[in-house]
Amino acid sequence: MPDMRPVQHDKNAIQFTALFDSSVKWRVMDEFSPEQLHVEDDGRLLLAGKYSDIQSLVRWLLSFGNQVQLVRPTEARELLLSTAKKIIQNY
């Protein structure tokens, strides 16, 4: 099976931290190593990771719907919010 982890391009790579609902644990673990995850007291997963670029990070996070909360970086949070607002305008 091919390696399906996000492609890392150091030039544009972005460090991020996000909280995931426990219901998506296995999906997150398929893409990131257990060493990058911390289980919070409430069962959510705190992920500190690196993604290829900010646009790809936002698209990936959107695929989790309301089962993820981006903690940092601020610029990715702002892009995520802007994208969500544009989605809402479509409906």
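The model is predicted, so side-chain atom pairs count only at pLDDT 80 or more.

I'll start with the aromatic rings. The structure holds 8 aromatic pairs. One of them joins F16 and W60, with ring centres 6.2 Å apart and 70° between the planes, an edge-to-face arrangement. F16 sits in strand β1, residues 14-20, and W60 in helix α2, residues 54-62, so this contact ties together parts that are 44 residues apart in sequence. Both F16 and W60 are buried.

W60 also pairs with F32. Here the centres are 5.5 Å apart and the planes stand at 55°, so the pair counts as tilted. This pair, too, links distant parts of the chain: F32 belongs to the loop between α1 (25-31) and β2 (37-39), W60 to helix α2, and 28 residues separate them.

Next, charges over rings. K25 lies over the face of W26, with 5.0 Å to the ring centre.

Last, salt bridges. How many are there? The count is 1. The partners are D42 and R44, and their closest N and O atoms are 2.8 Å apart. R44 has 30% relative accessibility, so this residue counts as partly exposed.

Conventions
Residues are numbered from 1 along each chain as its sequence is written. Side-chain values use heavy atoms; hydrogens and water are left out. A salt bridge is a side-chain nitrogen of Lys or Arg within 4 Å of a carboxyl oxygen of Asp or Glu. Buried means under 20% relative accessible area, exposed over 50%, partly exposed in between (1.4 Å probe, protein chains only). Rings of Phe, Tyr and Trp (its six-membered ring) pair if their centres lie within 6.5 Å; planes under 30 degrees apart count as stacked, over 60 as edge-to-face and the rest as tilted. Helices (H or I, at least four residues) and strands (E, at least two) are DSSP runs, numbered from the N terminus. A charge sits over a ring if NZ of Lys or CZ of Arg is within 6 Å of the ring centre and within 35 degrees of the ring normal.
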